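Welcome to this guided tour! Open your viewer, get ready to select residues, and follow along stop by stop.

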Amino acid sequence: MKLYSVDLSPFAARVRLAIYAKGLAVEILPPSGGDTKSADYLAINPMGKIPALVLADGVVIPESDTIVEYLADAFPGSGLRPKGAEAAARARLLARVAELYVMAPGGALFGQMNPATRDAATVEAAFATLDSGLTHLNLFATEDAYAVGDTITTADCALVPILVFLGVFGHVFGKGDLLAGHGKLHAYWARVQKDAAVIKVVGEMQAAMAARAG
């Protein structure tokens, strides 16, 4: 299998974390020429988006959540899917809440990164919505070693890249630690950053950010 990925993308990072954490036999490579709109890459994924997983038989699976779910099904012994219906449901819930109520409002902040063109009202509204989302996410968070249970699961794959960008937003907009008022999430982020696979993914994302800024 092959995963088309770029280091900065939080969506691609979600899949890379699953691959690194479980040692899955998936080759990771960038789109041709680093361009998701190139003819070569569009022939693979006509959506022109990252990531895309190409199976051994040539079937292409796009969308990070679908890819991670596929990997959990394709490698049932990996531990990507928590054991038991309740734990599996909680993992899906954490991923869903993070996507809808944290990542979505956070997306509005990407267009406000430049102080010269920043709209203060838009920024404050986005942070208010973001904090509300973190409150919801904190409510459903666990105090387990990882997001759900004692190993990296689909839930961690969703959460880690989003929390990386929250750190960026807090720094860029002078908001400090956005998790400070959300105890379980704050403790989770401190714990999970000690994991070797998480360290690798976070390092790739941060290096890509630094290269882009420089």
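A polar contact is a pair of N or O atoms within 3.5 Å; within protein, one must be able to donate a hydrogen and the other to accept it, and residues adjacent in sequence count only if both atoms are side-chain atoms. Helices here are DSSP runs of H or I, at least four residues long, numbered from the N terminus. This is a predicted model, in which local features need pLDDT of at least 70 and side-chain atom pairs count only at pLDDT 80 or more, while totals for chains, interfaces and linings use all residues. Residues are numbered from 1 along each chain as its sequence is written, and side-chain values use heavy atoms, leaving out hydrogens and water.

**Stop 1: helix α8**

Select aspartate 195 and alanine 197. Aspartate 195 caps the N-terminal end of α8, with a side-chain oxygen 2.8 Å from the backbone nitrogen of alanine 197.

Now show the whole of α8. Which of its residues are buried (under 20% relative accessible area, with exposed over 50% and partly exposed in between, using a 1.4 Å probe and protein chains only)? They are Ala197, Val198, Val201, Val202, Glu204, Met205, Ala208 and Met209. Look down the axis of α8: the buried residues fall within an arc of 155 degrees (taken from the directions from the helix axis to the C-beta atoms), so they line one face of the helix. On the other side of α8, you will find Ala196, Ala210 and Ala211 exposed. Among the elements covering the buried residues are α1, α6 and α7.

**Stop 2: the largest nonpolar core**

A nonpolar core is a set of buried Ala, Val, Leu, Ile, Met, Phe, Trp, Tyr and Cys residues joined through side-chain atoms within 4.5 Å. Select Leu71 and Leu166: of the 57 residues in the largest such core, these two touch the most other members. Helix α6 gives the most to this core, with ten residues.

Zoom in on leucine 71. Leaving aside residues up to four places away in sequence, leucine 71 touches (heavy atoms within 4.5 Å) Met1, Val15, Ala18, Ile19, Leu24, Leu53 and Leu80.

**Stop 3: histidine 182**

Next, select histidine 182, in the loop between α6 and α7. Is this residue buried or exposed? Histidine 182 counts as buried because its relative accessibility is 6%. Its contacts, not counting residues up to four places away in sequence, are Asp131, Leu134, Thr135 and Asn138.

**Stop 4: threonine 66**

Finally, select threonine 66 in helix α3. Threonine 66 is partly exposed, at 40% relative accessible area. Its side chain makes a polar contact of 3.4 Å with that of aspartate 65.

Conventions: Helices (H or I, at least four residues) and strands (E, at least two) are DSSP runs, numbered from the N terminus.
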